[in-house]
Protein chains: 2
Amino acid sequence: MEDLRSIGSQVIITNAYHLHLRPGVDLIERMGGLHHFMRWDGPLMTDSGGFQVFRFGAGREHGIGKIGPLFTDVGNRGRRANLAKGKPLVRIGEEGVEFISYLDGVHHRLTPELVVRIGAKLGSDIVLTLDECTSPLHSYQYTSEAMNRTHKWAVRSLAEFKRTSSGRQALFGIIHGGGFRNLRERSAIFMAAQAFEGYAIGGSLGSSKEQMYQVIEWIQPLLPDDKPRHLLGIGEIEDIFEIVWRGIDLFDCVLPTRMARTGTFLVKGADRFRMHILNARFKDDPCPIEERCNCYTCSNFSRAYLRHLFLTRDPLAVCLATIHNLHFMEVLMHQIRIGIGQGRFSLLRKEWLCLA
Amino acid sequence: MEDLRSIGSQVIITNAYHLHLRPGVDLIERMGGLHHFMRWDGPLMTDSGGFQVFRFGAGREHGIGKIGPLFTDVGNRGRRANLAKGKPLVRIGEEGVEFISYLDGVHHRLTPELVVRIGAKLGSDIVLTLDECTSPLHSYQYTSEAMNRTHKWAVRSLAEFKRTSSGRQALFGIIHGGGFRNLRERSAIFMAAQAFEGYAIGGSLGSSKEQMYQVIEWIQPLLPDDKPRHLLGIGEIEDIFEIVWRGIDLFDCVLPTRMARTGTFLVKGADRFRMHILNARFKDDPCPIEERCNCYTCSNFSRAYLRHLFLTRDPLAVCLATIHNLHFMEVLMHQIRIGIGQGRFSLLRKEWLCLA
């Protein structure tokens, strides 16, 4: 948390599904809430778990997305065996979602009301409602049904939120409809009519970057101007310019931290903004990752040293890479905000993306 | 390094053998020396690798000590297979040591002169000479031969040191002789007559704590009063009181950091000074590890949170545990130094060890 503060990170996003399974939301509440538990005094956002449900449900069925380890060493052998036989892990109904924990095979339920209450117990500042994610392989028919379910859940979430909210939290609705224009528009209009504090765009964004940009363009004019718009699970550096250009205010992505875990550093001007530190040419390179970067990592350590840390699997390696990559994102977003203010966002985009 | 500075750590000990294998000493020299490479501006000590040679030689043969993974994923299959068949990894001769790298099966040599030159290249402040470690299972005859070899190596190390030293480094000799009184005394007398800046006690210290204390007592009156005495690879909290009591000034041990990796925290008053955070009774414990500890970990986080981090294998877990355990050692040593100065070391020992 000290590192995040030094970097200038403003918001942390956490996950209701994961915290519900481990260590348990009641425990965190008894420990004084999530801010206190993990010592973060800035804004805290809680994703609902809709994506995790998708990952172990339709995502698994359709073979979409990387499914991580389904079993850990905490469950008993019998339960693990059940999971291994490919029994369905998720059942989606009108009431909510039933699923089997990937950790120990225990049954759990998530309902829209429960997700709101989890947000309250955690003390989250921005709560995302429960939604049903669909895959690009789902039919129009199913995507439409799932969207209608998400809409009903949104209404129930708002009702529960009004009933229980301390008044210090914000609730965001999530727009669905997959890659279908009329569904996305219906969803945007429906959600915009509900009293959410902000709107997220979730679910399948088509199967190419162009389709993703298009989905945003369909939705964008239908949302109120005075409320933030969050794109879930994006993005690459290039995507960020494209989505900000299309009016997105917030987004979240594992990219900077996941890349850090494998020794990939974000570098302006590098191919796809990536530098793989394990590459042999950095063996005796005394330069920092980025000459002009003033993050803790670049201020102190050479590429040769960072490569050595990754080769020897020193835990410090991932720590230093994470610091750099998060700092890189903060600098990028700072430049984007300044650029927008000064009316030269377009120039900035050209410069970063090396466009003519 | 920032964390170590905050904790108040004064000296770091590194290992010539490991750094020789990876990333290579010439590389570190080209990168400006070890201080600069890893950004540590305090004193730096370099252990020679005598213990590592023992670990893969006699230690392996005698089944003593934990032998870590002999192969990593960097070597080729052929080399790994050779190692796996149990071919000897180490050959000790009068000239020095030959060994096969546990990383990739490549042959290496270490001589007394080379270890001194490695220390110089690294920029180490305190260089430990190459020695031959023996096990408690070695005979009197072999232990005596090994000791004589170590003595010859010590003389050669000093000659090389005089020839090449920048004058800004110190060289420590290592006293051997296993658990045999007359050998230990001969070794202490021999080493004390050489112009070392300090003396380390190495090799087998017998097979019980009492024998270890006895070895120190044999050696202790034979060493010059004005030079530091280092006991290699010790120790447990109880041992520290016993060895300081017997005149030891310096020691090194993996205990605080190794324990941290498995979720074991050093705690005054706990059984064997250990608290295992994965124990279920800490599940919802809002207290810090030690109520009166002012380390970063105890100032910020609860036992419940630390247990959760260890359960989910969050890399932050080991980091926070290491900070606490190293801070614990610094506080202990600070109290011991003050206690000695005030003439109440004996009282302090009784208090810490809960003696009548």
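This is a predicted model: local features need pLDDT of at least 70, side-chain atom pairs count only at pLDDT 80 or more; totals for chains, interfaces and linings use all residues.
Residues are numbered from 1 along each chain as its sequence is written, while chains are lettered from A and ligands numbered from 1 in the order in which they are written. Local features need pLDDT of at least 70, side-chain atom pairs count only at pLDDT 80 or more, and totals for chains, interfaces and linings use all residues.

**Chain contact and symmetry**

Two residues are in contact here if their C-beta atoms, placed from the backbone, lie within 7 Å. Helices (H or I, at least four residues) and strands (E, at least two) are DSSP runs, numbered from the N terminus. Ala, Val, Leu, Ile, Met, Phe, Trp, Tyr, Cys and Pro count as nonpolar, Asp, Glu, Lys and Arg as charged, and the others, Gly among them, as polar.

How does chain B superpose on chain A? A rotation of 180 degrees does it, with 0.0 Å of shift along the axis and an RMSD of 0.0 Å. That is the relation of a two-fold axis. In chain B, the C-alpha nearest the axis belongs to B:Pro315, at 3.7 Å. Copies are superposed by least squares on the C-alpha atoms of residues with pLDDT of at least 70 in both. Of the interface residues of chain B, 100% are also interface residues in chain A, so the copies meet through the same surface.

**Domains of chain A**

The domain assignment of chain A gives domain 1 (2-253) and domain 2 (257-352). Such bounds come from an automatic or database domain assignment. The C-alpha centres of the two domains of chain A lie 28 Å apart. Their contact takes 10 residues from domain 1 of chain A and 10 residues from domain 2 of chain A. On the domain 1 side, α1 (2-7) and α12 (237-245) of chain A each supply at least two residues. α12(A) has the largest share of that side, 5 residues. By class, the domain 1 side has 6 nonpolar, 3 polar and 1 charged residues.

The table gives the geometry of one pair from each chain.

| Helix pair | Axis distance | Angle |
|---|---|---|
| α15 (303-311) and α16 (315-341) of chain A | within 7 Å | roughly 130 degrees |
| α9 (140-164) and α10 (181-192) of chain B | 11 Å | about 5 degrees |

Axes are lines fitted to C-alpha atoms, for helices over the stretch in contact, and angles run from 0 to 180 degrees between N-to-C directions. Angles under 35 degrees count as roughly parallel, over 145 as roughly antiparallel, 65 to 115 as roughly perpendicular and the rest as oblique.

α15(A) and α16(A) are therefore oblique to each other. The contact is made by A:Leu306, A:Leu309 and A:Phe310 of α15(A) and by A:Leu316, A:Ala317 and A:Leu320 of α16(A). These residues divide into 6 nonpolar, no polar and no charged.

α9(B) and α10(B) are roughly parallel to each other. From α9(B), the contact uses B:Thr143, B:Ser144, B:Met147, B:His151 and B:Ala154. From α10(B) come B:Leu183, B:Ser187, B:Phe190 and B:Met191. The contact residues divide into 5 nonpolar, 4 polar and no charged.

**Backbone features**

Most residues other than glycine have a negative phi, and most peptide bonds are trans. The bond from A:Ile234 to A:Gly235 is cis, with omega near 25 degrees. A:Gly235 lies in the loop between β9 (229-231) and α12 of chain A. In chain B, the bond from B:Ile234 to B:Gly235 is cis, with omega near 25 degrees. B:Gly235 is found in the loop between β9 (229-231) and α12 (237-245) of chain B.

B:Phe273 has a phi near 60 degrees, a positive value in a residue other than glycine. B:Phe273 is found in the loop between β11 (264-266) and β12 (274-276) of chain B.
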